[in-house]
Amino acid sequence: MADFSAPLRLRLDGDALLANWRWLKRLGGAAACGAAIKANGYGLGSTAVMRRLLEAGCRDFFVSNWAEAAVLEPLVGEGVSLSVLHGVREEDMTVALASRARPVLCTEGQIARWRAAGGGPCDVMVDTGMNRLGLDWRGDVSALVARMDIVTLHSHLASADEDTPLSQDQLERFSALRSQVRAARYSLANSAGICLGAAYAFDMTRPGIALYGGVPREEAAGHIRQVVFPEAQVLQRRRVRAGDTIGYNATHRAAAEMEIAVVNLGYADGYLRGFSGRGSMAVGDKSLPVVGRVSMDLTAVDVSTLPDIAEGDWLGVDYALVEAAAVSGLSQYELLTGLGARFDRIWR
């Protein structure tokens, strides 16, 4: 079969990924620095991300479910830890008991299930104020997990990206749990939590979005580097006459004659309609505004100032996460994890 490439690609900067992890590790002080690689490595490819972070010295990784863990299990060697954040359903038990990954037990039912099956080392999640997954911090957590081999006791910060008293409340609740519940390690801080200071680091941090170029708090600005650079190929260049409209529902009317490039990118690829009439692409330092409505597979950009752009050329999509979030109304997390399977993922 002949070599084949897609008309969409993600340029992925491996050096930036590692630089981000190293900065987060330094900020966490003596704490180990893990990596959340759930959602297929936040859209970059979990295996490729894990391999690179392993080479840099990362040893603790986190996914959401056992299907994600199965993909990565061949990389789990001596001294490498892979934890499954959603714990174990009944349907997961056969796989979980045979896996080198550990469950993060989140409910009394999961604890009972793991005990009854003779499960070995595990992690445990305690909810300290998010009301998502985890045992209630106000209950007798110590009694629930007595005599269990807990590798890491976790909790998760609800609003670390904001300045709110809730983060301090959660810190105090988790600190109290540390003195009550025996575990080899304790972990609270996500990307934003790492930026709150050393008190939040405990024994291990669990960054996610900041590894991949997201800026969770202003303290990270200037330190976190962009990792993901989408590019889309031009399918057609066309002249639009003054007064003509562009795209679905005629949301853009040309005030004067203009030239557009129609590129192979749309909301099915994660470039959502929030970029309609607001996003931009680029060639070198020349910015090219998106015109009209983003459709499922196609987007139009104004290339009137670039007469040489033609079918087959590549345009860079402006996708620095903070700026793209402000333009589109999407979160930095949505921007990354929504990038679809039709992109070639090319590491440099």
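# Notebook: pocket, strands and a helix in a predicted model

I began with the lining of the largest pocket and sorted its residues by class, which gave 16 nonpolar, eight polar and five charged residues. I note at the outset that the model is predicted, and I read every entry below with that in mind.

**The largest pocket.** I looked up the space in this pocket and found about 620 Å³. Of the 29 residues that line it, K38, R132, H156, N190 and Y333 are the closest to its centre. I then asked which helices and strands each supply at least two residues of the lining. They are helix 2 (38-42), strand 7 (122-127), helix 9 (191-195) and helix 11 (332-337). Strand 7 gives the largest share, with three residues.

**The whole protein.** I stepped back to the overall picture and counted eleven helices and 20 strands. Along the principal axes, the C-alpha atoms fill a box of roughly 75 × 50 × 35 Å, and 51% of the 348 residues count as buried.

**Strand 5.** For a parallel case I looked at strand 4 (residues 60-63) and strand 5, which are joined by four bridges. D60 stands opposite S81 of strand 5. In strand 5, residues 81-84, S81 and S83 point one way while L82 and V84 point the other, and I found all of these buried.

**Helix 8.** I took the length of helix 8 (residues 165-180) from its first C-alpha to its last: its 16 residues reach 23 Å, which is close to the 22 Å expected at 1.5 Å a residue. I then asked which residues of helix 8 are buried. They are S167, Q170, L171, F174 and L177. The spacing can be read against a general rule: an α-helix has 3.6 residues a turn, so residues three or four places apart point the same way. On the face turned away from the buried side of helix 8, I found the exposed residues P165 and S179.

**Two positive phi values.** I noted two residues other than glycine with a positive phi. R147 has phi near 65° and sits in the loop between helix 7 (141-144) and strand 9 (150-154). F202 has phi near 50° and lies in the loop between helix 9 and strand 11 (204-205).

**Two single residues.** I looked up C33 and found it in strand 2 (residues 32-33). C33 is buried because its relative accessible area of 3% falls under the 20% cut-off. The C-alpha atoms of C33 and R22, which are eleven residues apart along the chain, are separated by 8.6 Å.

My last entry is D313, in the loop between strand 18 and strand 19 (314-317). With a relative accessible area of 28%, D313 is partly exposed, so I place it between the 20% cut-off for buried and the 50% cut-off for exposed. I also took the separation of D313 and S46, C-alpha to C-alpha, and found 29 Å in space for residues that are 267 apart in sequence.

Methods: Residues numbered from 1 in each chain as written. Predicted model: local features only at pLDDT ≥ 70, side-chain atom pairs only at ≥ 80, totals over all residues. Heavy atoms only, no water. 1 Å grid on protein atoms, 1.4 Å probe; cavity = no way out; pocket = protein on both sides within 12 Å on 5 of 7 lines; lining within 4 Å. Points joined across faces, edges and corners; volume = space filled by probe spheres on them. Nonpolar A, V, L, I, M, F, W, Y, C, P; charged D, E, K, R; others polar. Expected span 1.5 Å × (residues − 1). Buried < 20%, exposed > 50% of the residue type's maximum accessible area, 1.4 Å probe, protein only. Pairing = 2+ DSSP bridges.
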